[in-house]
Amino acid sequence: MSKIEEHPTVIKVRSAEGRATRPLTNEELKQLCIECGADDAGLVSIDRPEIDDQRDDILRVAPWTRSLLSFVCTMNREPIRSTMRSAANLEFHNTGDQVNDVARSVVRQLQGRGVQAMNPAMGFPMEAHRFPGKIWDVSHKPVAVAAGLGQIGIHRNVIHPKFGNFVLLGTVLLGQEIQTDDQPIEYNPCLGCKLCVAACPVGAISPEGDFNFNACYTHNYREFMGGFTDWAEQLAESRSRGEYRKRVSDGESASMWQSLSFGANYKAAYCLAVCPAGEDVISPWLADRKGHLTTVVRPLQEKEEDVYVIPGSDAAEHVAKRFPHKKPRSVRGNLHPGSIDSFLKYMPLQFQPGQAKGLDATYHFRFTGTENRDATVRIAGQKLEISSGWVGKANLRVTADSSAWLAFLKREKSLAWALLTLRIRLRGSPLWLMRRLAAAVAYREPVRFIDRGQAICEFPLAIAPHRIEILWYPVNRKISPGSNQIASIRLGMGFSRGEHKSWRGGTFTHHARPPRSGDSVGGSLVRLNSAHDMRYHRNLESSPEACERERSNVDAVFAAMDELMRTPTLVDGAVMPDACPTGPTSIPVGGVVVAEDAIHPGFHSSDICCSVMATNLGSDIDPKTVLDAARSVTHFGTGGRKRSAGLFKHLNEDLIQRIRANPLFSDGDLKKAQLHLVTQGDGNHFLFVGRSESHGGVMLVTHHGSRAFGASLYETGRRIAEELCSVLSPETPAENAWIPASSKQGRAYWDALQIIRDWTKLNHSLIHRLTAKALGLIQNCDNLAAESTFWNEHNFVFREPGSGSGGKDRYFHAKGATPLDDKFLPDSTNGLRLIPLNMAEPVLVVRGKTTETNLGFAPHGAGRNMSRTEHKRGRLASGASPEEILAEETQGLDIRFFSGTIDVSELPSAYKNAEEVQRQISHFELGTVVDQIAPYGCIMAGRKSPAAH
Ligand SMILES: Nc1nc2c(ncn2[C@@H]2O[C@H](COP(=O)(O)O)[C@@H](O)[C@H]2O)c(=O)[nH]1
Ligand SMILES: [Mn+2]
């Protein structure tokens with residue numbers, strides 16, 4: 001006998017060997033699980049097809065696994081539903097601990113019976129070192145579904161037939177065979193009620209059942225791995241305590257501490273909270289669905305909270321549109337693939353169908369170096385498809401060294417840096433396909449390119465010592481090799497008339513500003529200003545009686561201005577009392593910013609030169625006749641006039657020649673300029689008739705912009721600016737991109753803006769003159785007395801020659817602000833300006849001058865306090881009809897809607913309190929009111945169809 005056989009332990013074990021324990025039956029295994037604290041359990045063998053994709057991983061960590069015991073523990077519902085997310089997270093954590101305890105007890109019991117068993121964690125800890133790869137080995141959901149514990153609902157969570165989705169899942173790996181397998185339940189407890197769709201703050205769940213992983217992960221998991229990593233990077237990148245505080249609020253720091261100390265907290269998980277499915281859960285919903293909506297869903301929807309989004313993502317758009325009272329917090333994408341394999345594998349999880357709208361492209365990738373792979377990415381119909389090898393004809397071919405590509409995705413290398421340091425030759429507009437891909441898969445933050453044009457390019461781009469090469473194949477053109485350009489960027493951006501959309505010929509050179517100390521190597525060419533350089537004048541305050549909404553409106557305006565002022569071209573700024581936010585980094589309506597040698601198309605946006613004009617038609621005329629005459633002349637709604645209306649003849653030869661001569665306009669634009677004459681569009685454009693309080697004259701006031709003609713120029717300018725800035729300053733959000741004013745393109749754009757201005761002024765005066773003619777006041781519509789008319793733009797760019805540093809021109813961008821100073825208005829009449837407030841209030845006639853804080857501007861109206869939809873929803877909620885609401889808000893006034901249907905979103909209650917705006921005009925010295933035009937009535941576009949209410 002060997003020595004070991006004499007050891008007391010071995011003797012004891014040998015003597016017990018005869019008493020072999022019988023394997024547990026399925027029922028006994030499940031019963032054991034229930035006794036240990038689970039609420040339901042099921043069993044599947046390791047060879048079940050439902051777990052095909054995880055079998056290898058399971059067998060790698062536990063090669064002896066023969067079957068899996070799946071179980072659920074129920075959660076208490078009310079805490080999960082509470083807006084108090086600490087209560088919800090405590091419930092998640094407690095139930096999670098319970099699942100782990102149950103699994104551990106089961107393993108302990110089975111071990112005692114000689115059955116090998118192992119309990120992977122319910123959630124965390126996981127194999128986090130593998131992040132951002134797959135950090136788990138057992139996926140509980142497919143196991144639970146295979147074991148008959150429920151089905152996956154539209155919100156991607158398992159819904160148990162009895163307990164609904166108020167369960168957490170556990171799995172125990174068993175070393176024993178089972179007699180029979182449990183089978184999935186035959187129906188899906190998900191009711192398809194879509195309440196989860198409605199409750200999700202980031203729109204991660206589509207009604208069709210598609211899931212935007214990136215949206216959910218970015219917000220709900222902000223304090224988990226990726227969000228934490230981003231927070232740590234923010235900390236590392238902050239150059240001072242002040243900068244850190246600008247980037248991360250005190251509340252966010254505290255929340256991160258809380259998550260680290262007490263377990264990571266979900267930001268929302270509202271999809272689970274609102275789900276009425278499951279036998280134990282459904283009754284209250286069945287009894288009173290509206291009550292469920294009011295007490296469970298609405299409080300979560302209405303909760304004012306920060307929502308984490310990647311700028312330019314579908315989620316960012318969703319928050320702005322659906323939950324304007326929630327505060328979008330822009331964060332960076334934080335899932336940086338660690339390998340080409342995971343880049344390709346997880347690309348579908350990053351996919352942003354909204355951003356891929358209109359994109360129909362095939363991308364061929366060839367990765368070289370550490371990983372050799374060929375792959376095809378196809379994006380069409382807002383779907384993404386990945387296949388290995390090269391399939392089909394590519395629109396863009398990317399050849400990249402694997403590690404250089406991964407560094408690019410991780411933002412360790414920027415395209416701008418690569419462009420600067422290596423040879424570049426571009427012909428045409430080369431990057432849009434690349435950027436649309438990046439936007440569509442949200443790997444790199446703010447990527448913001450849309451190009452309708454047929455760009456022609458060769459774009460070899462490399463990052464030394466590795467190499468990234470991007471070739472975009474032109475439709476019918478041969479590509480020639482690139483030439484050397486270092487320290488400047490030459491873009492083939494000249495154009496000949498009518499060909500601006502394909503950008504060809506000519507060159508443009510932009511010299512980077514020399515690096516400042518503190519600039520990071522490998523950063524972008526033109527860095528954002530530091531948060532400390534910000535400077536702008538706040539001519540806006542919350543009124544003492546302001547409600548929460550108004551206060552948060554003001555806060556959002558300041559927050560956006562803080563971000564906006566980091567734009568490298570900006571040297572000054574101001575906000576007006578009518579300001580309202582348009583996005584977290586974009587210029588608010590009511591914002592004025594001053595740029596040196598730069599024109600920012602995004603700062604005037606598509607309604608270029610939106611403006612107001614007033615004409616005194618005399619005191620003897622009946623205002624009703626004026627409104628009737630104007631109604632017979634003007635036109636509201638989308639689109640232009642028919643050629644047969646003969647109005648195009650009013651476009652004078654001088655304007656036609658200037659349009660033809662400007663390379664930014666095409667023949668199509670000229671047509672728009674002709675056919676949109678004597679139209680006013682929709683939204684809040686109006687034709688107002690009232691009486692001057694000072695001289696008693698009946699005044700006609702029109703409000704509109706440059707219609708489709710201006711919108712087309714904006715599109716062209718925006719594309720030029722975005723294309724340029726993606727190279728010059730990739731950190732600058734797309735909406736803040738600029739065209740260097742002294743460049744060829746900048747000069748052409750400035751010239752085009754003046755054409756737009758002259759066209760818009762012509763359009764106003766045509767409506768005025770044709771109305772006067774219809775009234776019999778004039779015979780010939782060319783001869784309305786000039787002194788009886790005055791006008792001003794309130795959405796435009798104004799130049800101040802030579803007043804910037806080094807004698808550069810300064811460009812004042814007013815997005816919804818009235819220029820007071822005559823230096824901005826070469827055609828001012830006695831310094832008079834118009835500020836409309838709403839259809840039931842007088843239009844103010846003001847005069848004013850530049851002060852240190854107003855930069856020469858005043859507000860352009862009362863401004864909106866909430867979005868159109870929000871206002872309309874709120875106003876109609878009382879059950880009153882649009883007719884009743886109109887009557888209540890505009891008593892005694894003659895209000896007409898061109899379409900014949902009332903637009904509730906344009907009624908006076910949609911705008912800020914007129915009195916308060918006037919108080920602030922005076923308080924902040926934004927001009928003096930010299931007259932008021934008391935309302936008689938007005939015409940607006942109105943809703944398109946009654947059904948649209
Ligand atoms: N007199 C009227 N004023 C109105 C009406 N609808 C809106 N407004 C005011 O105009 C400004 C300017 O609007 P924007 O489109 O240029 O931003 C706005 O802030 C309102 O105060 C109206 O029907 N009549
Ligand atoms: Mn306007």
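Me: To start, is histidine 860 buried or exposed?

Reply: Histidine 860 is buried, because 28 other C-beta atoms lie within 10 Å. A residue counts as buried if 20 or more other C-beta atoms, placed from the backbone, lie within 10 Å of its own, as exposed if 12 or fewer do, and as partly exposed in between. This is a predicted model, in which local features need pLDDT of at least 70, side-chain atom pairs count only at pLDDT 80 or more, and totals for chains, interfaces and linings use all residues. Residues are numbered from 1 along each chain as its sequence is written, and chains are lettered from A and ligands numbered from 1 in the order in which they are written.

Me: Where is histidine 860 found, and what does it touch?

Reply: It is found in the loop between strand E29 (857–859) and helix H26 (868–876); helices (H or I, at least four residues) and strands (E, at least two) are DSSP runs numbered from the N terminus. Leaving aside residues up to four places away in sequence, histidine 860 touches Asp578, His794, Gly816, Ala817, Thr818 and Ile835. Contact here requires C-beta atoms, placed from the backbone, within 7 Å.

Me: And where is alanine 862?

Reply: Alanine 862 is also in the loop between E29 and H26. It counts as buried because it has 23 C-beta neighbours inside 10 Å. Among the residues that alanine 862 touches are Asp578, Leu837, Tyr911 and Lys912.

Me: Which residues are closest to ligand 1?

Reply: The closest are Asn684, Pro836, Met839, Gly861 and Ala862, out of 21 residues that surround ligand 1. A residue belongs to these surroundings if its C-beta atom, placed from the backbone, lies within 6 Å of the molecule. Strand E21 (686–692) and strand E31 (928–940) each supply at least two residues of the shell.

Me: What is the make-up of that shell by class?

Reply: It has twelve nonpolar, seven polar and two charged residues. Ala, Val, Leu, Ile, Met, Phe, Trp, Tyr, Cys and Pro count as nonpolar, Asp, Glu, Lys and Arg as charged, and the others, Gly among them, as polar.

Me: What does UniProt place around here?

Reply: An unreviewed UniProt entry gives the feature "binding site" at positions including His794, Pro836, Met839, His860, Gly861 and Ala862. UniProt positions follow the numbering used here, feature names are shortened, and annotations may be inferred rather than shown by experiment. For "binding site", the unreviewed entry also lists His703 and His794.

Me: Changing topic, which sheet has the order E1-E2-E6-E3?

Reply: That is an open sheet of four strands with antiparallel pairing; two strands pair if DSSP finds at least two bridges between them. Strand E1 (40–45) and strand E3 (117–118) stand at the edges with a single partner strand each, so one side of each lacks a neighbour in the sheet. E3 and strand E6 (residues 167–174) pair over two bridges, and methionine 118 has leucine 173 in E6 as its bridge partner.

Note on methods
Two residues are in contact if their C-beta atoms, placed from the backbone, lie within 7 Å.
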